[in-house]
Amino acid sequence: MDLAFIPSPSTGVVHLGPIPLRGYAFCIIIGVFIGVWLGNKRWIQRGGRSGTVADIAVWAVPFGLVGGRLYHVITTYEPYFGEGGHPLNAFKVWEGGLGIWGAVALGAVGAWIGCRRRGIPLPAYMDALAPGLALGQAIGRWGNWFNQELYGRATDLPWALKISDDPSIGRVGGTYHPTFLYESLWCIGVALLVIWADKRFKLGHGRAFALYVASYCAGRAWIEYMRVDEAHHILGLRLNVWTALIGLVVSVVYIVVSAKKIPGREEVVEPGALEAAADDTESGKSGVETAKADARTAKAGTKTEKAGAETTKAAPKTVKGAPKAAGSGKESVADGAAKLTKDAGSGSRSGKDS
(Lines give C-alpha, C1' and ligand atoms only; values in the text may rest on other atoms or scores of the structure.)
Protein backbone atom coordinates (compact mmCIF):
# COMPACT_ATOMS: atom_id res chain seq x y z
CA MET A 1 0.00 0.00 0.00
CA ASP A 2 1.40 3.38 -1.04
CA LEU A 3 1.25 5.82 1.83
CA ALA A 4 2.72 8.79 -0.09
CA PHE A 5 3.10 9.68 -3.76
CA ILE A 6 2.87 12.57 -6.22
CA PRO A 7 -0.57 12.54 -7.84
CA SER A 8 -1.00 13.02 -11.58
CA PRO A 9 -3.72 15.31 -12.94
CA SER A 10 -6.84 13.49 -14.06
CA THR A 11 -6.70 15.35 -17.36
CA GLY A 12 -4.17 17.44 -19.21
CA VAL A 13 -6.70 19.69 -20.92
CA VAL A 14 -9.44 22.03 -19.74
CA HIS A 15 -12.05 23.28 -22.20
CA LEU A 16 -13.02 26.95 -22.10
CA GLY A 17 -16.10 26.60 -24.24
CA PRO A 18 -14.87 25.28 -27.59
CA ILE A 19 -11.26 26.29 -26.82
CA PRO A 20 -9.01 23.58 -25.31
CA LEU A 21 -6.44 24.81 -22.78
CA ARG A 22 -3.66 22.23 -22.60
CA GLY A 23 -1.27 22.01 -19.70
CA TYR A 24 1.56 20.79 -21.92
CA ALA A 25 1.29 23.83 -24.19
CA PHE A 26 1.11 26.24 -21.24
CA CYS A 27 4.30 24.81 -19.76
CA ILE A 28 6.14 25.21 -23.06
CA ILE A 29 4.91 28.80 -23.51
CA ILE A 30 5.78 29.83 -19.96
CA GLY A 31 9.21 28.24 -20.34
CA VAL A 32 9.85 30.25 -23.51
CA PHE A 33 8.87 33.53 -21.81
CA ILE A 34 11.08 32.85 -18.80
CA GLY A 35 14.01 31.94 -21.05
CA VAL A 36 13.66 35.12 -23.12
CA TRP A 37 13.22 37.29 -20.01
CA LEU A 38 16.40 36.02 -18.35
CA GLY A 39 18.30 36.06 -21.63
CA ASN A 40 17.36 39.72 -22.15
CA LYS A 41 18.66 40.68 -18.71
CA ARG A 42 21.97 38.89 -19.32
CA TRP A 43 22.28 40.39 -22.80
CA ILE A 44 21.94 43.93 -21.42
CA GLN A 45 24.56 43.15 -18.77
CA ARG A 46 26.96 42.10 -21.53
CA GLY A 47 26.48 45.39 -23.36
CA GLY A 48 23.60 44.61 -25.70
CA ARG A 49 20.32 46.40 -26.29
CA SER A 50 17.08 45.56 -24.57
CA GLY A 51 14.70 43.66 -26.87
CA THR A 52 17.38 42.11 -29.07
CA VAL A 53 17.01 38.67 -27.45
CA ALA A 54 13.26 38.68 -28.09
CA ASP A 55 13.74 39.82 -31.71
CA ILE A 56 16.09 36.93 -32.41
CA ALA A 57 13.85 34.52 -30.47
CA VAL A 58 11.19 35.19 -33.11
CA TRP A 59 13.45 33.15 -35.38
CA ALA A 60 14.84 30.70 -32.84
CA VAL A 61 11.60 29.54 -31.15
CA PRO A 62 9.71 28.36 -34.29
CA PHE A 63 12.83 26.62 -35.57
CA GLY A 64 13.30 25.01 -32.18
CA LEU A 65 9.74 23.70 -32.03
CA VAL A 66 10.03 22.22 -35.51
CA GLY A 67 13.41 20.72 -34.69
CA GLY A 68 12.17 19.22 -31.44
CA ARG A 69 9.20 17.63 -33.14
CA LEU A 70 11.28 16.31 -36.04
CA TYR A 71 13.75 14.67 -33.66
CA HIS A 72 10.93 12.98 -31.77
CA VAL A 73 9.15 11.74 -34.90
CA ILE A 74 12.37 10.46 -36.50
CA THR A 75 13.61 8.63 -33.40
CA THR A 76 10.13 7.34 -32.50
CA TYR A 77 8.59 6.85 -35.92
CA GLU A 78 6.55 3.71 -35.20
CA PRO A 79 3.37 5.45 -33.91
CA TYR A 80 3.33 7.63 -37.03
CA PHE A 81 4.81 5.68 -39.93
CA GLY A 82 5.05 2.14 -38.60
CA GLU A 83 2.50 -0.62 -38.97
CA GLY A 84 -0.89 0.71 -37.94
CA GLY A 85 0.57 4.19 -37.43
CA HIS A 86 -1.16 7.50 -38.16
CA PRO A 87 1.09 9.96 -40.08
CA LEU A 88 -1.13 12.95 -39.34
CA ASN A 89 -0.56 12.47 -35.63
CA ALA A 90 2.98 13.68 -36.21
CA PHE A 91 1.54 17.21 -36.26
CA LYS A 92 -0.21 16.85 -32.89
CA VAL A 93 2.48 18.56 -30.84
CA TRP A 94 0.05 19.21 -27.98
CA GLU A 95 -0.07 15.49 -27.24
CA GLY A 96 3.62 15.61 -26.26
CA GLY A 97 6.78 14.60 -28.01
CA LEU A 98 9.50 17.28 -28.34
CA GLY A 99 13.11 16.15 -28.44
CA ILE A 100 15.37 18.67 -26.71
CA TRP A 101 18.30 17.71 -28.94
CA GLY A 102 16.45 18.63 -32.10
CA ALA A 103 15.01 21.76 -30.47
CA VAL A 104 18.45 23.07 -29.52
CA ALA A 105 20.06 22.12 -32.84
CA LEU A 106 17.46 23.64 -35.16
CA GLY A 107 16.75 26.46 -32.72
CA ALA A 108 20.42 27.42 -33.03
CA VAL A 109 19.95 27.63 -36.80
CA GLY A 110 17.07 30.05 -36.31
CA ALA A 111 19.14 32.06 -33.82
CA TRP A 112 22.00 32.18 -36.34
CA ILE A 113 19.67 33.65 -38.96
CA GLY A 114 18.41 36.28 -36.50
CA CYS A 115 21.93 37.14 -35.33
CA ARG A 116 23.21 37.43 -38.88
CA ARG A 117 20.43 39.89 -39.72
CA ARG A 118 21.42 42.03 -36.71
CA GLY A 119 25.19 41.67 -37.13
CA ILE A 120 25.53 39.91 -33.77
CA PRO A 121 27.95 37.04 -33.01
CA LEU A 122 25.98 33.85 -32.40
CA PRO A 123 28.25 32.53 -29.58
CA ALA A 124 27.70 35.71 -27.53
CA TYR A 125 23.95 35.43 -27.97
CA MET A 126 23.92 31.76 -26.96
CA ASP A 127 26.03 32.54 -23.89
CA ALA A 128 23.47 35.09 -22.74
CA LEU A 129 20.60 32.71 -23.41
CA ALA A 130 22.08 29.55 -21.83
CA PRO A 131 20.70 29.80 -18.24
CA GLY A 132 17.32 30.87 -19.60
CA LEU A 133 17.21 27.77 -21.78
CA ALA A 134 17.82 25.59 -18.73
CA LEU A 135 15.06 27.32 -16.73
CA GLY A 136 12.72 27.07 -19.71
CA GLN A 137 13.35 23.32 -19.84
CA ALA A 138 12.72 23.04 -16.10
CA ILE A 139 9.27 24.54 -16.58
CA GLY A 140 8.54 22.76 -19.84
CA ARG A 141 9.17 19.34 -18.26
CA TRP A 142 6.03 19.78 -16.17
CA GLY A 143 4.10 19.37 -19.41
CA ASN A 144 5.02 15.65 -19.19
CA TRP A 145 3.33 15.57 -15.78
CA PHE A 146 0.09 16.85 -17.31
CA ASN A 147 0.28 14.18 -20.03
CA GLN A 148 1.38 11.38 -17.64
CA GLU A 149 4.36 10.48 -19.80
CA LEU A 150 8.12 9.90 -19.66
CA TYR A 151 8.20 8.44 -16.15
CA GLY A 152 10.77 5.99 -14.78
CA ARG A 153 10.81 2.54 -13.28
CA ALA A 154 8.30 1.43 -10.69
CA THR A 155 9.06 2.46 -7.11
CA ASP A 156 7.40 2.86 -3.73
CA LEU A 157 9.44 5.89 -2.63
CA PRO A 158 7.50 8.69 -0.91
CA TRP A 159 8.00 10.94 -3.95
CA ALA A 160 6.83 8.30 -6.44
CA LEU A 161 4.58 9.47 -9.26
CA LYS A 162 1.08 8.01 -9.42
CA ILE A 163 0.15 7.02 -12.98
CA SER A 164 -3.40 6.06 -13.90
CA ASP A 165 -4.19 2.99 -15.97
CA ASP A 166 -5.03 3.51 -19.65
CA PRO A 167 -5.26 0.29 -21.73
CA SER A 168 -6.00 2.25 -24.92
CA ILE A 169 -2.40 3.41 -25.09
CA GLY A 170 -0.89 0.52 -23.18
CA ARG A 171 -0.28 2.47 -19.99
CA VAL A 172 -0.19 0.43 -16.79
CA GLY A 173 -1.18 2.22 -13.62
CA GLY A 174 1.09 2.32 -10.58
CA THR A 175 3.75 4.42 -8.89
CA TYR A 176 6.93 5.25 -10.79
CA HIS A 177 10.03 7.40 -10.56
CA PRO A 178 9.06 11.00 -11.51
CA THR A 179 11.82 11.45 -14.06
CA PHE A 180 10.17 14.65 -15.26
CA LEU A 181 10.71 16.08 -11.76
CA TYR A 182 14.29 14.86 -11.61
CA GLU A 183 15.07 16.56 -14.89
CA SER A 184 13.24 19.75 -13.89
CA LEU A 185 15.29 20.06 -10.69
CA TRP A 186 18.48 19.18 -12.55
CA CYS A 187 17.83 21.96 -15.09
CA ILE A 188 17.41 24.49 -12.29
CA GLY A 189 20.79 23.39 -10.95
CA VAL A 190 22.28 23.74 -14.44
CA ALA A 191 20.98 27.31 -14.72
CA LEU A 192 22.48 28.27 -11.36
CA LEU A 193 25.79 26.60 -12.27
CA VAL A 194 26.08 28.50 -15.56
CA ILE A 195 25.22 31.84 -13.91
CA TRP A 196 27.82 31.27 -11.19
CA ALA A 197 30.56 30.06 -13.55
CA ASP A 198 29.90 32.91 -15.98
CA LYS A 199 30.39 35.48 -13.21
CA ARG A 200 33.36 33.68 -11.68
CA PHE A 201 35.31 32.94 -14.87
CA LYS A 202 33.79 35.48 -17.32
CA LEU A 203 32.93 32.86 -19.90
CA GLY A 204 32.69 34.02 -23.48
CA HIS A 205 32.76 32.93 -27.12
CA GLY A 206 30.13 30.22 -26.56
CA ARG A 207 31.67 28.63 -23.46
CA ALA A 208 28.72 29.46 -21.17
CA PHE A 209 26.43 27.74 -23.65
CA ALA A 210 28.81 24.78 -23.91
CA LEU A 211 28.80 24.48 -20.11
CA TYR A 212 25.00 24.40 -20.20
CA VAL A 213 25.03 21.61 -22.79
CA ALA A 214 27.69 19.60 -20.93
CA SER A 215 26.02 19.84 -17.52
CA TYR A 216 22.56 19.12 -18.93
CA CYS A 217 23.83 16.09 -20.83
CA ALA A 218 25.51 14.74 -17.67
CA GLY A 219 22.18 14.73 -15.89
CA ARG A 220 20.13 13.59 -18.86
CA ALA A 221 22.31 10.48 -19.25
CA TRP A 222 21.38 8.99 -15.86
CA ILE A 223 17.78 10.25 -15.95
CA GLU A 224 17.25 8.75 -19.39
CA TYR A 225 18.65 5.46 -18.14
CA MET A 226 15.81 5.29 -15.58
CA ARG A 227 12.97 5.72 -18.09
CA VAL A 228 10.81 2.78 -19.17
CA ASP A 229 9.05 4.21 -22.24
CA GLU A 230 9.85 2.58 -25.56
CA ALA A 231 13.02 3.73 -27.27
CA HIS A 232 15.62 2.53 -29.74
CA HIS A 233 18.73 0.93 -28.22
CA ILE A 234 22.32 0.88 -29.44
CA LEU A 235 24.74 -1.53 -27.75
CA GLY A 236 22.28 -1.95 -24.93
CA LEU A 237 21.84 1.77 -24.22
CA ARG A 238 18.94 3.99 -25.16
CA LEU A 239 19.51 6.31 -28.14
CA ASN A 240 19.11 9.42 -25.98
CA VAL A 241 21.77 8.16 -23.55
CA TRP A 242 24.25 7.97 -26.42
CA THR A 243 23.18 11.43 -27.60
CA ALA A 244 23.74 12.83 -24.10
CA LEU A 245 27.18 11.24 -23.81
CA ILE A 246 28.25 12.57 -27.21
CA GLY A 247 26.96 16.04 -26.34
CA LEU A 248 28.86 15.96 -23.05
CA VAL A 249 32.16 15.04 -24.68
CA VAL A 250 31.85 17.54 -27.55
CA SER A 251 30.95 20.39 -25.17
CA VAL A 252 33.85 19.72 -22.81
CA VAL A 253 36.30 19.57 -25.73
CA TYR A 254 34.95 22.87 -27.07
CA ILE A 255 35.35 24.58 -23.68
CA VAL A 256 38.98 23.46 -23.37
CA VAL A 257 40.03 24.24 -26.95
CA SER A 258 38.24 27.59 -27.26
CA ALA A 259 39.59 28.78 -23.90
CA LYS A 260 43.12 28.35 -25.31
CA LYS A 261 42.47 29.84 -28.74
CA ILE A 262 40.14 32.74 -27.83
CA PRO A 263 40.34 33.39 -24.07
CA GLY A 264 38.27 35.99 -22.29
CA ARG A 265 34.91 37.40 -23.27
CA GLU A 266 33.69 39.52 -26.19
CA GLU A 267 34.13 43.24 -25.57
CA VAL A 268 31.40 44.21 -28.03
CA VAL A 269 28.37 41.96 -28.45
CA GLU A 270 26.08 44.27 -30.41
CA PRO A 271 27.22 46.98 -32.86
CA GLY A 272 25.86 50.41 -31.99
CA ALA A 273 24.73 49.46 -28.49
CA LEU A 274 27.49 51.44 -26.75
CA GLU A 275 26.91 54.49 -28.95
CA ALA A 276 23.17 54.34 -28.24
CA ALA A 277 23.84 54.12 -24.51
CA ALA A 278 26.22 57.12 -24.75
CA ASP A 279 23.59 59.12 -26.66
CA ASP A 280 21.02 58.30 -24.02
CA THR A 281 23.45 59.45 -21.32
CA GLU A 282 24.13 62.72 -23.15
CA SER A 283 20.41 63.26 -23.64
CA GLY A 284 19.93 62.71 -19.95
CA LYS A 285 22.66 65.24 -19.13
CA SER A 286 21.14 67.78 -21.54
CA GLY A 287 17.79 67.28 -19.89
CA VAL A 288 19.31 67.92 -16.47
CA GLU A 289 21.05 71.08 -17.70
CA THR A 290 17.81 72.32 -19.26
CA ALA A 291 15.97 71.68 -16.03
CA LYS A 292 18.64 73.60 -14.09
CA ALA A 293 18.39 76.54 -16.53
CA ASP A 294 14.60 76.54 -16.19
CA ALA A 295 15.00 76.56 -12.41
CA ARG A 296 17.37 79.54 -12.61
CA THR A 297 14.95 81.40 -14.89
CA ALA A 298 12.08 80.71 -12.54
CA LYS A 299 14.17 81.91 -9.60
CA ALA A 300 15.02 85.15 -11.43
CA GLY A 301 11.37 85.66 -12.24
CA THR A 302 10.52 85.27 -8.58
CA LYS A 303 13.06 87.95 -7.63
CA THR A 304 11.60 90.30 -10.26
CA GLU A 305 8.12 89.75 -8.88
CA LYS A 306 9.38 90.53 -5.37
CA ALA A 307 11.03 93.73 -6.57
CA GLY A 308 7.81 94.76 -8.33
CA ALA A 309 5.85 94.11 -5.16
CA GLU A 310 8.22 96.29 -3.11
CA THR A 311 7.92 99.11 -5.68
CA THR A 312 4.13 98.88 -5.55
CA LYS A 313 4.24 98.95 -1.76
CA ALA A 314 6.40 102.11 -1.73
CA ALA A 315 4.17 104.01 -4.18
CA PRO A 316 1.37 104.91 -1.68
CA LYS A 317 3.92 106.56 0.63
CA THR A 318 5.09 108.81 -2.19
CA VAL A 319 1.53 109.81 -3.05
CA LYS A 320 0.76 110.40 0.60
CA GLY A 321 3.74 112.79 0.94
CA ALA A 322 2.74 114.78 -2.19
CA PRO A 323 0.19 117.23 -0.57
CA LYS A 324 2.72 118.17 2.04
CA ALA A 325 5.24 119.04 -0.62
CA ALA A 326 2.63 121.09 -2.49
CA GLY A 327 1.73 122.95 0.67
CA SER A 328 5.35 123.88 1.32
CA GLY A 329 5.58 125.41 -2.14
CA LYS A 330 2.50 127.52 -1.55
CA GLU A 331 3.90 128.84 1.70
CA SER A 332 7.21 129.75 0.03
CA VAL A 333 5.42 131.87 -2.64
CA ALA A 334 3.45 133.72 0.02
CA ASP A 335 6.57 134.42 2.02
CA GLY A 336 8.28 135.76 -1.09
CA ALA A 337 5.38 138.08 -1.92
CA ALA A 338 5.27 139.44 1.61
CA LYS A 339 8.96 140.14 1.54
CA LEU A 340 8.71 142.00 -1.77
CA THR A 341 5.84 144.12 -0.43
CA LYS A 342 7.79 144.94 2.68
CA ASP A 343 10.82 145.91 0.63
CA ALA A 344 8.70 148.11 -1.60
CA GLY A 345 7.25 149.89 1.38
CA SER A 346 10.64 150.48 2.84
CA GLY A 347 11.82 151.93 -0.42
CA SER A 348 8.92 154.41 -0.56
CA ARG A 349 9.57 155.67 2.93
CA SER A 350 13.23 156.12 2.23
CA GLY A 351 12.59 158.23 -0.88
CA LYS A 352 10.11 160.51 0.95
CA ASP A 353 12.56 161.18 3.78
CA SER A 354 15.29 162.10 1.38
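These exercises walk through strands, a helix and aromatic rings in one structure.

The model is predicted, so local features need pLDDT of at least 70, side-chain atom pairs count only at pLDDT 80 or more, and totals for chains, interfaces and linings use all residues. Residues are numbered from 1 along each chain as its sequence is written, and side-chain values use heavy atoms, with hydrogens and water left out.

**Exercise 1. Describe how strands β1 and β2 pair.**

Solution. 
- Start with the terms. Helices (H or I, at least four residues) and strands (E, at least two) are DSSP runs, numbered from the N terminus. Two strands pair if DSSP finds at least two bridges between them.
- Find the strands. β1 covers residues 13–16 and β2 covers residues 19–22.
- The pairing is antiparallel, over four bridges.
- Pick one bridge. Leu-16 has Ile-19 in β2 as its partner.
- Look at the turn. Two residues sit between the strands of this hairpin, and Gly-17 in the turn has a positive phi of about 70°.

**Exercise 2. Check the span of helix α1 and find what its buried residues pack against.**

Solution. 
- Take the rule. The expected span is 1.5 Å times one less than the number of residues.
- Apply the rule. Helix α1 (residues 23–45) has 23 residues, so α1 should span 33 Å.
- Compare. The end C-alpha atoms of α1 are 33 Å apart, which agrees.
- List buried residues (under 20% relative accessible area; exposed is over 50%, partly exposed in between; 1.4 Å probe, protein chains only). Among them in α1 are Tyr-24, Cys-27, Leu-38 and Trp-43.
- Name the partners, with contact meaning heavy atoms within 4.5 Å. The buried residues of α1 pack against β2, α2 (52–75), α5 (122–140), α6 (142–147) and α7 (179–201).
- Step past the end. Just after α1, Gly-47 takes a positive phi of about 105°.

**Exercise 3. Classify the ring pairs of Trp-142.**

Solution. 
- Set the rule. Rings of Phe, Tyr and Trp (its six-membered ring) pair if their centres lie within 6.5 Å; planes under 30 degrees apart are stacked, over 60 edge-to-face, the rest tilted.
- Count. This rule gives 11 aromatic pairs.
- Take Trp-142 and Trp-145. Their centres are 5.6 Å apart and their planes are at 80°, so the pair is edge-to-face.
- Take Trp-142 and Phe-180. Their centres are 4.9 Å apart and their planes are at 80°, so this pair is edge-to-face.
- Trp-142 lies in α6 and Phe-180 in α7, so the pair ties together parts 38 residues apart in sequence.
- Trp-142 is partly exposed because its relative accessibility is 32%. Phe-180 is buried, at 2%.
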